[in-house]
Amino acid sequence: MSTELPESAVPPPTEAGESAPAPTRRTFIATSTAVGGAVVASGVIGGSLLAAPEEAAAAEAPPSSRVSLTVNGTRRTVTVDNRTSLLDLLREHFDLTGSKKGCNAGACGACTVLVDGRRVNSCLTLAVRLEDAEVTTIEGLADGDRLHPLQQAFIDEDAFQCGYCTPGQIVSGVGCIQEGHTGSPEEIREWMSGNICRCGCYVKIVRAVEQTAARK
């Protein structure tokens, strides 16, 4: 890159013995701009643009880990970004889209799944921490074409409207029953309070969980 100054920035020649005029503001700015541009250009050419492609790729690659877990009775092994949530692992890697991404902050319960028989918000659970865990999603509750009793109860009681929260509600209800928190409608409401239904079907949801627990 040429550092030749523009003609207007070059001071006129002086006679012998005549002192050089003081640089003007315009001359100073033009000179600084030209020299600064040359320094920056040489730094870019000699630096990052000439970095090896493999070095750049290594610097950009996020840390990843290999994890093996059982999902709905099937052993799965996958290498994922260490920041991947269980919800994203299920939806994006295993194509199990029944678990919904609602708030993605653990506040709505739409992503509820069972891990080793316990209810968890899969959006807040890191996949790499589940080595050898057993995960059950809404897809794993039915036995072939035969619905889980709570799934059937939701249909019988008409315990849903839009259906977006329903997978999380059902999985959470199954966990609630397994944990033995179904002694009364009040107890069911308390232990199901982490699952939000924006359509307001709480009465019918509680009824479905209560009836399923009674038949168990």
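Mentor: Helices (H or I, at least four residues) and strands (E, at least two) are DSSP runs, numbered from the N terminus. This is a predicted model, in which local features need pLDDT of at least 70, side-chain atom pairs count only at pLDDT 80 or more, and totals for chains, interfaces and linings use all residues. Residues are numbered from 1 along each chain as its sequence is written, and side-chain values use heavy atoms, with hydrogens and water left out.

Trainee: How many helices and strands are in the chain, and what pattern does the chain follow along the sequence?

Mentor: The chain has seven helices and five strands. Their order along the sequence is α-α-β-β-α-β-β-β-α-α-α-α.

Trainee: Where is Q169 placed, and is Q169 buried or exposed?

Mentor: Buried means under 20% relative accessible area, exposed over 50%, and partly exposed in between (1.4 Å probe, protein chains only). Q169 lies in helix α5, which spans residues 166-179. With a relative accessible area of 2%, Q169 is buried. Of the 216 residues of the chain, 32% count as buried.

Trainee: Which residues is Q169 in contact with, leaving aside its neighbours within four places in sequence?

Mentor: Contact means heavy atoms within 4.5 Å. On that basis, and with those neighbours left aside, Q169 touches F154, M192, N195, I196, C197 and I205.

Trainee: Where is the place of S99, and which residues is S99 in contact with?

Mentor: S99 sits in the loop between α3 (86-93) and β3 (112-115). S99 is buried, at 2% relative accessible area. Leaving aside neighbours within four places in sequence, its contacts include L87, L90 and R91, as well as A110, C111 and V113; T137, I138 and E139 are also among them.

Trainee: How many disulfides does the count come to?

Mentor: A disulfide is a pair of cysteine sulfur atoms within 2.5 Å. By this rule there are zero disulfides. C108 is in none, and its nearest cysteine sulfur, that of C103, is 3.7 Å away. C108 counts as buried, at 5% relative accessibility. C201 is in no disulfide either; the nearest cysteine sulfur belongs to C197, 4.3 Å away. C201 is buried too, with a relative accessible area of 6%.

Trainee: What sits over the ring of F94?

Mentor: A charge sits over a ring if NZ of Lys or CZ of Arg is within 6 Å of the ring centre and within 35 degrees of the ring normal. Here the charged end of R76 sits over the ring of F94, 4.1 Å from its centre.
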